[in-house]
Amino acid sequence: MQEPTLEVVTNLTTKFLSKIRVHIHLLLIAVKNFSMRWNSILRHWKFFIISNFKRILEDFFSTQDMNIPMDEVIKLNNLTAGRDKLARLLQYASRAVWYFLQKRNLNQKSMDKLKNLEYHLSTFRKLLRLGRSLDVLYGALNSLHYSDRIVSATSSMSKVAHALYLLCDHIIWFSRVGLMDVRSDQWLETANRYWLYSIVMSLVRDLYELQKILKSQQYKFNTKNLSLFSRELSRFAVGHKDVVLDSLKNLCDVFIPLAALGYVKLSPGTVGVLGVISSAAGLYALIDPFAKLAPS
């Protein structure tokens with residue numbers, strides 16, 4: 001089989017982006033309308049969401065073997081993806097901490113140090129990802145051969161958009177180190193748009209995978225009894241942790257570019273917490289092979 005040329009890949013990418021542009025625009029309008037109701041939803045359901053989410057996490061981790069061998073930690077640190085996830089976890093944790101320090105009018109010097117740490121970790125992660133856009137774009141071609149057409153389509157679209165996001169990310173890094181003179185703010189906005197497209201496609205795939213599981217195994221949740229419902233939900237999460245963790249990661253991640261693009265209003269502290277949760281889910285998937293959604 002003849003390998004596709006760069007020109008063919010570029011043409012496919014252009015056609016793909018032109019086809020989804022209208023759909024993405026409509027999706028963003030829908031998300032914007034949803035965000036107007038977000039605060040109202042949280043006010044009415046805050047207690048239910050927090051209490052049950054906490055219980056599900058406790059049940060999930062109580063059934064897992066959390067005695068991670070030191071070899072796994074060393075292996076994780078040796079992986080470029082592992083270092084990126086660890087740096088990402090620290091980056092968003094720094095953002096959450098400096099925001100809460102700022103909110104309480106505490107030590108300004110500590111806040112400045114944490115902001116600098118966040119910035120340098122962001123730059124470090126861009127260096128780690130340098131050149132990854134080509135790998136991801138080539139992976140999109142492999143995704144076209146998946147047997148399941150929906151998984152193939154959503155994975156390919158997600159990877160093409162992610163490759164374009166990484167390409168913008170490379171240009172931002174070149175700008176930060178002084179190798180290119182570009183408008184970083186414009187490139188950052190473009191990068192966030194491509195990142196959002198990628199996450200949305202991944203979420204569509206997650207929803208499809210969840211729908212397949214619920215349909216094939218005929219799950220029936222008891223929504224009348226909240227205690228029983230949370231236990232059933234936790235058992236489902238343990239039995240299908242690959243899909244659940246991927247859904248959790250993408251659901252947290254999707255609000256980060258939405259906030260950066262102005263479609264939702266979130267504080268830096270909230271964005272930091274969401275980033276920490278998604279980073280932790282990504283790290284867990286790297287450590288535990290059974291927690292990684294396949295085919296990826």
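Both Tyr 165 and Trp 195 are buried, where buried means under 20% relative accessible area, exposed means over 50% and partly exposed lies in between, with a 1.4 Å probe and protein chains only. This is a predicted model, in which local features need pLDDT of at least 70 and side-chain atom pairs count only at pLDDT 80 or more, while totals for chains, interfaces and linings use all residues. Residues are numbered from 1 along each chain as its sequence is written, and side-chain values use heavy atoms, with hydrogens and water left out.

The overall picture comes next. The secondary structure of the chain comes to ten helices and zero strands, with helices (H or I, at least four residues) and strands (E, at least two) taken as DSSP runs and numbered from the N terminus. Of the 296 residues of the chain, 40% count as buried. Among the contacts in the chain with a separation of 6 or more, 73% are accounted for by residues 24 or more positions apart, a contact being heavy atoms within 4.5 Å.

Helix H3 covers residues 80-103, and its end C-alpha atoms are 35 Å apart, which agrees with the 34 Å that its 24 residues should span at 1.5 Å a residue; the expected span is 1.5 Å times one less than the number of residues. The buried residues of H3 include Ala 87, Arg 88, Gln 91, Tyr 92, Trp 98 and Tyr 99. An α-helix has 3.6 residues a turn, so residues three or four places apart point the same way. Over the face of Trp 98 lies Lys 115, at 4.6 Å from the ring centre; for a charge to sit over a ring, NZ of Lys or CZ of Arg must be within 6 Å of the ring centre and within 35 degrees of the ring normal. After H3 comes Asn 105, whose phi is positive, near 55°, although most residues other than glycine have a negative phi.

The structure holds four aromatic pairs, counted when rings of Phe, Tyr and Trp (its six-membered ring) have centres within 6.5 Å, with planes under 30 degrees apart called stacked, over 60 edge-to-face and the rest tilted. One of them joins Tyr 99 and Phe 100, whose ring centres are 5.6 Å apart and whose planes stand at 70°, so the pair is edge-to-face. Tyr 99 is buried, with a relative accessible area of 17%, whereas Phe 100, at 39% relative accessibility, counts as partly exposed. The rings of Tyr 165 and Trp 195 have their centres 5.6 Å apart and their planes at 20°, so this pair is stacked. That pair links distant parts of the chain, with Tyr 165 in helix H6 (residues 149-176) and Trp 195 in helix H7 (residues 184-217), 30 residues apart.

Helix H6 has 28 residues and reaches 40 Å from its first C-alpha to its last, close to the 40 Å expected at 1.5 Å a residue. H6 is mostly covered, as 20 of its 28 residues are buried. At its N-terminal end H6 is capped by Asp 148, a side-chain oxygen of which lies 3.0 Å from the backbone nitrogen of Ile 150. Further along, Asp 169 lies in H6 and is buried, with a relative accessible area of 1%; not counting residues up to four places away in sequence, Asp 169 touches Lys 126 and Arg 129. With the same exclusion, Tyr 165 touches Arg 129, Ala 191, Tyr 194 and Trp 195.

The largest nonpolar core has 32 residues, and those with the most contacts inside it include Tyr 165, Trp 195, Val 254 and Phe 255; such a core is a set of buried Ala, Val, Leu, Ile, Met, Phe, Trp, Tyr and Cys residues joined through side-chain atoms within 4.5 Å. The elements that give two or more residues to this core are helix H5 (132-143), H6, H7, helix H9 (241-260) and H10, and the largest share, nine residues, comes from H7. A second, separate core of five residues includes Leu 210, Ile 213, Phe 236 and Val 243.

Towards the end of the chain, Ala 285 is found in helix H10 (residues 268-287) and is buried, with a relative accessible area of 16%. The C-alpha atoms of Ala 285 and Asp 242 are separated by 7.6 Å, although these residues are 43 residues apart along the chain. In the segment after H10 lies Pro 295, and the peptide bond from Ala 294 to Pro 295 is cis, with omega near -5°.

Definitions and conventions. Polar contact = N/O pair within 3.5 Å; in protein donor to acceptor, adjacent residues only side chain to side chain.
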